[in-house]
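Subject: The model, and what turned up in it

Hi,

Here is the structure I promised to pass on.

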Amino acid sequence: MSDFIRVKDLALTVSFSDGSRWPSTAPHPQPVVITCSIAHDVRRAADYDDLTHSVNYSAVASNIKAVGDAEVFPSLEAFADRICETHAQRFPETGALTLRISRTKALLYGASYGVEFTKASPRAESQEETFFLRDLACYAVLGIHPHERQRKQSVRVDVSVTKARSRATPLDFRTLEQKIFDYVEESKFLTVESLASEIAKLTLTFLGDPTAKVTVRITKPSALLTAEASELEVTRQYSDVDQACKTKSSPAAAPHTSNSEKLTVEMNLGAASGSKASSAKPSLPHKAAIAIGSNMGDRFANIECALRLLEAPGANIDTWSGEPRVIVVNSSFMYETAPMYVAEQPRFINCACLVETDLDPRALLNFLKQVEGAVGRVESFRNGPRAIDLDIALYDSVVMDTRPAAARRTLDNLSGELLVPHPRLGEREFVLRPLSDMIPDYVIPTTGKTVEASLAALMAQPSSDPAMYKVLPFPRYPLPNHGGERPPHLSKIRPVPPTATYWTFPVTSHASSSKQPPRKTYIMATLNATPDSFSDGSAHYSLPDALSYANSAVADGANIIDIGGYSTRPGAAYVSPEEEFSRVVPVVQAIRGLWQEGAVTTPGGRLPSIAKTAATLISVDTFRWEVAEESVHAGANCINDVYAFSGADWPATARSAEHFAKMRQVSRDLAVPVILMHSRGPASANKDYSQYDYAADERGRGAVLEGVRLELGAKVEAAIKGRGGVRRWLVIVDPGLGFSKTVEGNLEVLRDASSVVGEYSPRLQKLTAPPSRPARNPLAGYPMLIGASRKSFLGAILERPDTVGSYEGRQTRPVERDFATAAAVSCAVQQGATIVRVHDVLRLGDAVRVSSTLWS
């Protein structure tokens with residue numbers, strides 16, 4: 001129908017209970033502008049010149065005004081729905097209705113916020129609706145000219161969101177406005193095209209709605225002297241963000257791919273897995289699994305050197321030019337294993353990686369040999385010791401044997417030949433287990449069995465072989481100054497740090513006749529270099545106090561000291577990166593400087609206690625890449641990030657993705673272990689896990705655990721997979737006790753912490769879960785840190801009176817919760833925690849030792 005009756009820009013004052021420019025629950029009368037278009041055939045009214053055959057626009061306006069005067073509305077959507085409801089009652093015979101409502105005083109930075117939709121008839125439901133934020137006034141560094149890079153200029157932003165109609169919750173337009181404003185103010189793009197596209201992506205990821213389409217218009221009033229402004233408008237759909245942000249994880253020959261990338265958080269952070277520069281590069285056509293081993297020299301450094309050389313430009317470490325022809329896109333856990341076939345040699349470190357490549361199998365083998373030589377492999381007897389060993393275990397779904405047909409009856413003539421899959425794959429746990437970490441569902445073409453099934457079959461066979469150990473290596477920083485030049489090939493890659501030490505923990509292996517070794521729980525001491533720590537105030541804020549705590553912690557049994565300069569307690573003051581740096585780095589430097597004071601050994605050749613402190617491992621508790629990088633260069637060995645690389649925003653935003661990419665790159669370059677913790681922004685907020693209620697058991701427990709597995713698992717997957725990924729063997733996970741969890745939620749996680757890093761139980765495997773849920777627990781197998789020490793949920797429990805008895809409950813300060821912490825630590829040990837983070841190392845160390853004896 002081409003006839004419309006319209007009431008245009010009807011100005012009213014309407015009361016809303018969601019505030020005006022600032023949120024509020026008190027009713028606020030505020031200006032609203034409404035345009036109502038009604039499709040109606042006016043030919044009869046025109047023919048007879050009689051209004052009774054038309055729609056009285058005065059009656060339409062009066063109806064809308066009566067609605068606005070009658071109620072207080074919780075949201076713009078509720079007001080719009082009420083208008084539609086009364087319109088259907090008053091004008092049931094009219095045609096399509098288009099309603100546009102603007103709240104002109106609802107935005108802090110913009111001119112108006114509103115909604116527009118069309119209904120096919122008065123009683124029909126609109127299929128989709130468009131929300132809009134108009135004329136956000138921002139200032140940004142934007143442009144290609146030198147003067148545009150010096151000062152911010154005026155930028156106007158209009159955003160329209162078209163999506164399927166939903167009344168689950170009103171659109172959180174204030175948060176969206178703030179995120180867009182902050183992003184524009186902090187941006188420094190050369191082109192309006194990039195800024196508009198990134199705002200569209202930010203909006204789409206904030207909405208998390210697959211039906212959404214976003215249009216962004218950027219206006220630069222100062223761009224042209226002879227025109228009012230220059231403008232650019234872009235439209236993006238949710239699928240555009242999906243394509244741009246999915247983590248690349250291409251296992252050999254299309255093995256199992258997790259569905260976890262469909263989670264909103266990974267969709268937001270997935271682009272970071274390859275960084276902006278690399279994510280645009282196309283995948284190389286072939287996938288291969290490389291088995292890696294070393295048992296000579298610094299085994300861990302040898303392996304890291306080899307992996308960095310694999311990505312040599314042009315796949316030639318001599319010429320070093322062109323694009324890389326081999327890209328590491330995934331890695332396994334790392335294992336220490338007894339030598340096989342030739343027993344009289346050092347133990348091996350074994351792992352595996354997945355690569356993308358455009359080299360054929362023979363060319364890839366030749367390149368691997370070139371890398372082996374550069375790392376320092378020298379030919380010796382067969383199966384003998386070696387600095388590095390790189391073998392093609394799998395290549396796509398290829399089956400290849402380069403030997404003549406007559407020579408294929410034995411495996412004693414493999415020198416210089418290539419067999420894919422590796423012929424002894426089925427008998428080597430040290431190859432199958434790393435492959436199963438990455439591609440458990442890959443079907444080995446020569447056997448028809450999956451990698452996981454092959455490993456299970458091998459494990460079912462009785463054996464007297466020693467148990468395998470997972471290992472966690474810690475590099476030594478600051479880097480040693482050897483003087484002179486580095487070897488020519490190694491001078492082309494970033495320096496690889498030497499190994500300071502490594503931790504081990506046994507894995508389930510063959511049914512062995514030997515006694516399984518006990519599991520070690522390592523102790524992390526907590527050194528808060530802050531004036532406002534929740535647990536100990538400013539007790540260790542000064543450098544002498546910090547050193548005193550470090551010395552006593554090491555003497556009391558700490559395996560690592562965690563140094564933090566930014567309190568994460570609720571309400572803690574903001575700390576600038578510079579201030580955090582000034583608190584943390586001097587403490588790290590001072591601890592490492594103790595070597596000079598304790599360089600003389602005591603009788604018997606033992607190091608004095610001060611030298612032990614200087615040599616102890618240090619982690620830096622920070623979510624900022626600048627602080628992490630400088631702390632490691634000063635001597636730290638590990639990064640402990642409470643936001644798991646993504647920064648403080650939750651849900652994740654475009655800014656989160658940038659933060660994630662930088663932290664990921666710094667961690668990869670430094671080759672240090674990273675502790676990635678589950679959190680949801682501020683520690684005291686975002687405690688609703690009802691979206692995971694499908695995982696609750698008959699007692700109502702399990703939703704929080706499921707949230708931890710999936711939300712932290714998505715970040716871990718994004719961290720380790722794709723170009724530039726962190727090595728899997730360097731990741732430790734922390735379920736985040738005390739962060740965005742209720743008291744009962746913390747208890748749920750603590751009492752069943754083993755399920756955070758375990759395979760899905762039979763009950764969890766049978767759940768009726770959303771399609772986006774990964775088929776496997778993405779955190780399975782990772783070492784786990786538990787940090788319950790002195791936290792407020794313990795204090796909340798102590799405030800409860802006993803149900804039977806005279807104890808009436810009491811309030812406690814954090815320093816008074818060490819006995820409560822001991823109970824939590826004992827549970828953590830029983831649940832298989834690899835590390836417990838504590839404040840009182842001596843007393844809580846006693847709890848660890850007794851608990852380990854009980855539960856090992």
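Which helix and which strand each supply at least two residues of the lining of the largest cavity? They are α9 (299-310) and β17 (469-475). Before I go on, some housekeeping: this is a predicted model, where local features need pLDDT of at least 70, side-chain atom pairs count only at pLDDT 80 or more, and totals for chains, interfaces and linings use all residues. Residues are numbered from 1 along each chain as its sequence is written, and side-chain values use heavy atoms, with hydrogens and water left out. Helices (H or I, at least four residues) and strands (E, at least two) are DSSP runs, numbered from the N terminus.

**The cavities**

Rolling a probe the size of a water molecule over the atoms shows where empty space is left. A cavity here is a set of points, on a 1 Å grid over the protein atoms alone, where a 1.4 Å probe fits but cannot get out; lining residues have an atom within 4 Å of a point. Points are joined across faces, edges and corners, and a volume is the space filled by probe spheres set on them.

Counted this way, there are six cavities of 30 Å³ or more.

**Helix pairs**

For these, axes are lines fitted to C-alpha atoms over the stretch in contact, and angles run from 0 to 180 degrees between N-to-C directions. Contact means heavy atoms within 4.5 Å. A crossing is left-handed if the near helix is turned anticlockwise from the far one by less than a right angle, and right-handed if clockwise.

Take α18 (residues 703-720) and α19 (residues 743-751): they pack at about 70°, their axes 8 Å apart. That is why α18 counts as roughly perpendicular to α19 (under 35 degrees is roughly parallel, over 145 roughly antiparallel, 65 to 115 roughly perpendicular and the rest oblique). Their crossing is right-handed. On the α18 side, Ala703, Val704, Leu705 and Val708 meet Gly745, Glu748 and Val749 of α19, which makes five nonpolar residues, one polar and one charged.

α22 (residues 818-830) and α23 (residues 841-855) also cross right-handed, at an angle of about 30° and with axes 9 Å apart. Their contact has seven nonpolar, five polar and one charged residues.

With α11 (429-438) and α12 (residues 451-459), the angle is about 140° and the axes are 9 Å apart. These two are therefore oblique to each other, and their crossing is left-handed.

Two cis peptide bonds are worth a look. One joins Val420 and Pro421, with omega about -5°; Pro421 is in the loop between β16 (419-420) and α11. Another joins Trp650 and Pro651, again with omega about -5°, and Pro651 sits in the loop between β22 (638-641) and α17 (654-670). Finally, Ser740, in the loop between β24 (731-734) and α19, has a positive phi near 55° although it is a residue other than glycine.

Cheers

How values were computed: 1 Å grid on protein atoms, 1.4 Å probe; cavity = no way out; pocket = protein on both sides within 12 Å on 5 of 7 lines; lining within 4 Å. Nonpolar A, V, L, I, M, F, W, Y, C, P; charged D, E, K, R; others polar.
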